Amino acid sequence: MVTPGVLVLLLTLLRAHSFTARVLTELRNYDYTKYHPLPEIMTWMQQMETENPEILSTTVYGRSYENRDIQFLKIGLNPHEDKKAIWMDCGIHAREWISPAFCQYFVKEILRTYKTDTKVEHMLKNLDLYVTPVLNLDGYTYTWKDNTTRLWRKNRSPGTGCNCTGTDLNRNFDAFWGSTGSSSDCCEEIYHGTEAKSEAETRAVVDFVGPRSKDFLCFLSIHSYSQMILVPYAHPNIKAPNYDELMEVANDAAKAIKAVHGMDYIVGSSVDLLYPAGGTSIGWARFMGIPYSFTFELRDKGEHGFVLPEDQIQPTCEEAYEGVRAILTYVHDKTFYSAAASLTATLWTTLLASWLTNATLL
Ligand SMILES: [Zn+2]
């Protein structure tokens, strides 16, 4: 006979099992063509880790103003101390929903292809990818509240000395902070905060990437909209030291994007294409010596703007993936194959010199 206590336990186990089964089924069928609220994205992250322990792990590297865990997914093979790294953050601006959707698609595609695509596998052996699907967690959550909050851009920390809320995280980094293209008025959309790195979300990135900046080859920040690839700096008078190379790489990425669905992405600095902007994350990353720093502005060109319809998620992600892949391929090959090629050349020169010396001796 089953006692009531055992019955309750059995029912609890059954319910837990059916919940787990339901979550697993839901994630197996995770719909990458829909926008997802934050709790679903967090569950997706956990599940990615559970299903891919050999290649993927999640790490909490900060806490938002409203005390949410700021996390990245780290994807890589062949762990060793000297691995180089790639940074990608999505959702720094709350209303740009296509951005977190892209980070999720990117992770899904890397996991789907690395066992069959030798190029992806090779890159993952040499590089670790650090992907933050949603950086501005509080702002993103707020945009899901109702129609009146859908277009919120900033984070959700209270202003100092006024009644408005939120700092523009992409004006809060320590690169031309407080200069043109940002505002000291906390009611403005481009409020830069009380000082550089005043915001928890900014500090999380700076405190993690900063001490490891020598390992990072590439820093990608994904935004919308405008269909652009932006290179540093967003300052009217200063260009990155490798500006010409950055433009070349970004132009190749734009070609890769166009080849997918024929979409035009234009390339340049924010000053040339949009506006000057002090305190941006890619400006900071380039300042820190990370050579390949880019901002992506995904679809569209303004017809729907931040409220990009869900039927455009898939094509937007497909083309942007090829753009990012073009950049990663360039960065990877230049770093590892050029080094290997120059080592081979050195060996040949040494061998030749030795042969010539020996020949002379003979
Ligand atoms: Zn943005």
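The model is predicted: local features need pLDDT of at least 70, side-chain atom pairs count only at pLDDT 80 or more, and totals for chains, interfaces and linings use all residues. Residues are numbered from 1 along each chain as its sequence is written. The protein chain has 10 helices and eight strands, where helices (H or I, at least four residues) and strands (E, at least two) are DSSP runs numbered from the N terminus.

**Overall make-up**

- Of the 362 residues in the protein chain, 43% are buried; buried means 20 or more other C-beta atoms within 10 Å of a residue's own, exposed means 12 or fewer, and partly exposed lies in between, with C-beta atoms placed from the backbone.
- Among contacts between residues at least 6 apart in sequence, 74% join residues at least 24 apart; two residues are in contact if their C-beta atoms, placed from the backbone, lie within 7 Å.

**The sheet and a helix on it**

- Eight strands form an open sheet in the order S1-S2-S4-S3-S5-S8-S6-S7, with mixed pairing; two strands pair if DSSP finds at least two bridges between them.
- Strands S1 (56-63) and S7 (266-269) stand at the edges with a single partner strand each, so one side of each has no neighbour in the sheet.
- From one strand to the next, the twist averages 20°; axes are lines fitted to C-alpha atoms, for helices over the stretch in contact, and angles run from 0 to 180 degrees between N-to-C directions.
- Helix H7 (residues 243-261) packs on the sheet and touches S6 (228-231), S7 and S8, its direction making about 165° with that of S6.
- Strands S3 (residues 84-90) and S5 (residues 216-224) run parallel and are joined by six bridges.
- Aspartate 89 stands opposite serine 221 in S5.

**The core**

- The largest nonpolar core holds 91 residues, and those touching the most other members are Ile86, Trp87, Phe102, Val131, Cys218, Ile229 and Phe294; such a core is a set of buried Ala, Val, Leu, Ile, Met, Phe, Trp, Tyr and Cys residues joined through C-beta atoms within 7 Å.
- Helix H3 (residues 98-113) gives this core its largest share, eight residues.
- Leaving aside neighbours within four places in sequence, phenylalanine 102 is in contact with Cys90, Ile222, Leu298, Cys317 and Ala320.

**Glutamate 297**

- An unreviewed UniProt entry annotates Glu297 as "active site"; UniProt positions are given in the numbering used here, feature names are shortened, and annotations may be inferred rather than shown by experiment.
- Glutamate 297 lies in strand S8 (residues 292-298) and counts as buried because it has 22 C-beta neighbours inside 10 Å.
- Not counting residues up to four places away in sequence, glutamate 297 touches His223, Ser224, Tyr225, Ser226, Gln227, Met228 and Leu230.

**Backbone details**

- Most residues other than glycine have a negative phi, and most peptide bonds are trans.
- The peptide bond from serine 224 to tyrosine 225 is cis, with omega near 0°, and tyrosine 225 sits in the loop between S5 and S6.
- Another cis peptide bond joins arginine 299 and aspartate 300, with aspartate 300 in the loop between S8 and helix H10 (313-361).
- Asparagine 67 has a positive phi, near 70°, and counts as exposed because it has 9 C-beta neighbours inside 10 Å.
- Lysine 197 also has a positive phi, near 65°, but is buried, with 20 other C-beta atoms within 10 Å.
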